[in-house]
Amino acid sequence: MNKTFEAKDVNLAGINSSLLEVNIGPQHPSTHGVFRMNAVLDGEVIVSLKPVMGYLHRNHEQIAENMSYAASMPYTDRLDYFNSMSNNLGYALSVEKLAGLEVPERAEYIRVIMAELTRLINHIAVIGFLLNDLGAFFTPVLYAFREREKILDIFEEISGSRMMCNYLRFGGVKRDLSPAILERIRGVVTAFPRFLDEFETLLTKNEILCMRCQNVGVLSPELAINASITGPLLRASGVNYDIRKVDGYSVYPRFQFKVPLGPKGDVYDRYYVRILEMRESLKILDQALNTIPAGEIMSKKMIPFLKSPRNFKPPVGEAYARVESPKGELGFYVVSDGTPQPWRYHVRAPSFINLTILEDMCLGQKVADAIIILGSVDIVLGEVDR
Amino acid sequence: MMYFGEGVVKGMMVTLKAFVASYFKGPEDGGLFTVEYPEQRLPEKENFRNFPFLIYDNTPDNLRCVACDICAKECPPKCIYIVREFDKDNKPLKRPAVFNIDHTVCMNCGICEEACPFDAIYMDHNFEIASAERNENLLFRKDKLLKSNEYFHKIRPTDATAIDERRAAAEAKKKAAEAAAAQKAAAAQAAPKPAAPGTTTPPAAEPPKTV
Amino acid sequence: MEALDQIFVSLKQGILNAAAGFLPAWTGPLLSVAISIGAIALLGPVTMMYLTLLERKVVGRMQNRIGPNRVGKWGVLQPLADGVKMLTKEDIVPARADRLLHLLAPLLIVMPALLVFAVIPFGKHMTAVDLSVGVLYFLAISSTTTIAIFTAAWASRNKYSLLGGMRAAAQMISYEIPMVLSAVPILLASQSLSTHAIVEAQGGFHGLQWFIFTPWGFVAFIIFFLCGVAECNRSPFDLPEAESEIIAGFHTEYSGMKFALFYMAEFMNSFTLSGLATTLFLGGWQGPFLPSWVWFFGKTYALIFIMLWFRGTLPRFRVDQMMNLAWKLLLPLSLVNVIVTGFWFFVNPPLAIGGSIAILWLSGWILVRLNQSYLPEKRTYQFAD
């Protein structure tokens, strides 16, 4: 069975086996992007499942080798196009590590605020799309997007663009936050818990959701650790690993927050861990907004390079920096050879690594469940294919 | 859970509340969130960053761009194409003859705005440029890109006023430096000829030391 | 008020009288039948068209957005635009498909949907045909929809369509049984199968003595309504019509007007099922002050609103969970309900009320406990530092 079949082309007379190979094709019923799964079915049950990716490969890493470091920053926005600020943060951290730059305090606080706002918008959108896969006909999606719109409007005011923000620079941020913007962020943060409560009333104890999601797609902690899974997927299986706590990058060690862990590792746990993480993000945002210091927003060493990025030459060496993006561990590995263009630039994308475990989670489940398991892994094709 | 189906019923109450609220309440309280474009529009944000445009000061001939090619070099997808203008004797002028931006390539990153040393190119708010075919209408040449400083003030007032102040301060400083240099030159010239009648510059007793 | 109530009846009578002036006598009954058929043929499709618009607007409002409002004010002409679109689409028949069956399936599914309009009492004296076995006719004819769905799946010559169609057929068959059994208490109470008699039996207390206000009526209504929603293939039981795993179910291979017929059948089914539920449980056209047809349509549209509400809120069941629900929960409950109805009529009032409620609550609780795997588990989430 080497040929792959489209669902509608199957000729009844020609099939001699009881195993059926089916293409859950690049055009998806659900909205995760161009992604293909080759599934082999025995009746209803999945016997093997291979993810096929690469439909959105855009040569991101190769492009970065031909342009200056700062010119790659807009391209990192488009990696994980839902969370552009996290990608910017990862890249900025890695180049700052390479060049030995110090970031002023106010800029660090602004970065943390942006990263946590990004976590909020990602998690509600993911929950919305998970419910879309379950068949709830867009209602949770639209409620989630209503809240997302408010945060995207803030991003537009600060950085100029809703999704492709290009806001962080090496050594700081591009533009300062006025007190009016801080008030608006505070308004969003105070209104969000009420929305989350309403969202949970709609979803968390819903019997149909529980029936569909509990004990489906269980991932054991040992398998997760062995397969280098990170992010909410890992924490839902009960492993305590959050890079904000482990590495303590930026000013995260100054904030009090907890890391929610799930008991079982099924789809329902992944959904609920994301809701709990959103509540923790709200705590971080609250603390950051209350204690943000006044000051500068750009490191002194980098100010001359703002007008002429093509002259920025970090010293020879390599650096790897990672952030806890909403999907997992996002890492940037940069090697410099003293010229304005990087010698090698690699992105460790969490969605790509998390997809390797898809087959193990789906074995023994029905086909209808494969779609929601994929929805709970939370992939974004821009990251998977780069 | 009190009875089987309680979660479902509570969830349905949430939807019913949204249904009723959509008739009476606005976007902030969980009501109708739709803005019927193009009859209604959301207010424009000042920092909104869309395609670039070139600034001129009073007349389109007075454009600030000097065709230094820095924005074309910095542009990540290389969507800017500049050709410097030459006069009749083939001497280079400080103006572009050709300045094309390909809007199908431009990714609205704003790096050209940051890199320009002459405050000549800024990001516009114009996003309604959809057209039926690609090559004629979406390659913006110099005439379509030139917009006045008043337009810039209209769309981005705080940035425009800050830039104008900075340029005015730089102008003033340059003028002051020039005036001081001219004064120094005139004083140096006037020093060997003391008490020349009719000169308006005060005679300097000793050569000035610092400027 | 009486005149307003009987306005359609007097309209029909007026036409017959006018026609009797210049037509022979034997055309009288024929003309009467023709007028009824004409009214139903007008009512059915128009109702369906505006139900599609109502669905889009109601679900849109639940999602904080306006539904269609560009074509005509409030989107009133949107169904006409949709109709034109469906008519002008290319009619694709798969190459190896059985052409006769492929053509026949949409017709087979629309006919029962239209036929059952005949026994629904739209108002006082406004039933098209007052059969003495109205309810039996309704339930029998609406069961033939299953054959049509299976025909559609078979005729497509597509293995996945067949799978989806078999699943749809299984769903419809398994939800027929609790539906019929939950209608049995009503028949016991009103002692007749005719829809007219059932509505008349709910006439006490100024027209407010509906069967839903009794314990057995309430439980029967819930079971009947859930089974009706499953029969119409609507959310949350819409596995056959929505993306059934990776395929679109039994109507994958249909396009254009044939698909429109399937769609029409689904909406007309939902209207007639709500109509029957109103007749059996909510008192049909009974009600004080307002004309009878206003009451009937009001109650029916309230039930349709609940169906749309389900669609806007709930995710979909999986196949095995759906079958479990029908066979292990609804069927035993409806059997117990029949017994409780007998108990109610056999025993004197105070004990009857308390006893019925107690028995029904107890049996419901037992059944839910027996199906423990459905209940959401209580989970505790730890927080680490």
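Modeller: Let's start with burial: a residue is buried under 20% relative accessible area, exposed over 50% and partly exposed in between, using a 1.4 Å probe and protein chains only. At 6% relative accessibility, Asp119(B) counts as buried. Before we go on, this is a predicted model, where local features need pLDDT of at least 70 and side-chain atom pairs count only at pLDDT 80 or more, while totals for chains, interfaces and linings use all residues. Residues are numbered from 1 along each chain as its sequence is written, chains are lettered from A and ligands numbered from 1 in the order in which they are written, and side-chain values use heavy atoms, with hydrogens and water left out.

Biologist: Fine. Where in chain B does Asp119(B) sit?

Modeller: Helices (H or I, at least four residues) and strands (E, at least two) are DSSP runs, numbered from the N terminus. Asp119(B) is in the loop that joins helix 3 (111-115) to strand 4 (121-123) of chain B. Look at its backbone too: phi is positive, about 55°, although Asp119(B) is not a glycine.

Biologist: What is the phi of Ala67(B)?

Modeller: About 60°, so a positive value again for a residue that is not a glycine. Ala67(B) belongs to the loop between strand 1 and helix 2 (70-74) of chain B, and it is buried, with a relative accessible area of 6%.

Biologist: Let's move over to chain C. Which residues does Met62(C) touch?

Modeller: Not counting residues up to four places away in sequence, they include Thr139(A) and Tyr143(A), then Thr15(B), Ala18(B) and Phe19(B), and from chain C Phe305(C), Trp309(C) and Gly312(C). Met62(C) lies in helix 3 (residues 27-62) of chain C and is buried, at 0% relative accessible area. The C-alpha atoms of Met62(C) and Gly312(C) are 7.0 Å apart, although 250 residues separate them along the chain.

Biologist: Now the cysteines. How many disulfides are there over all chains?

Modeller: A disulfide is a pair of cysteine sulfur atoms within 2.5 Å, and the count by this rule is zero. Take Cys65(B): its sulfur is 6.4 Å from the closest cysteine sulfur, in Cys71(B), so that is too far for a bond.

Biologist: Zooming out, why does the radius of gyration of chain C agree with a compact globule?

Modeller: The radius is taken over C-alpha atoms, and the globule rule is 2.2 Å times the number of residues to the power 0.38. For the 385 residues of chain C a compact globule would come near 21 Å, and the chain has 23 Å, so the two agree. Its C-alpha atoms fill a box of roughly 90 × 65 × 40 Å along the principal axes. Chain C has 15 helices and one strand, and 54% of its residues count as buried.

Biologist: What about chain A: how many helices and strands?

Modeller: Chain A has 16 helices and nine strands. A compact globule of 386 residues would have a radius near 21 Å, and chain A agrees with 22 Å. Its C-alpha trace spans about 75 × 50 × 35 Å along the principal axes, and 64% of its residues count as buried. Among its contacts with a separation of 6 or more, 71% are between residues 24 or more positions apart.

How values were computed. Contact = heavy atoms within 4.5 Å.
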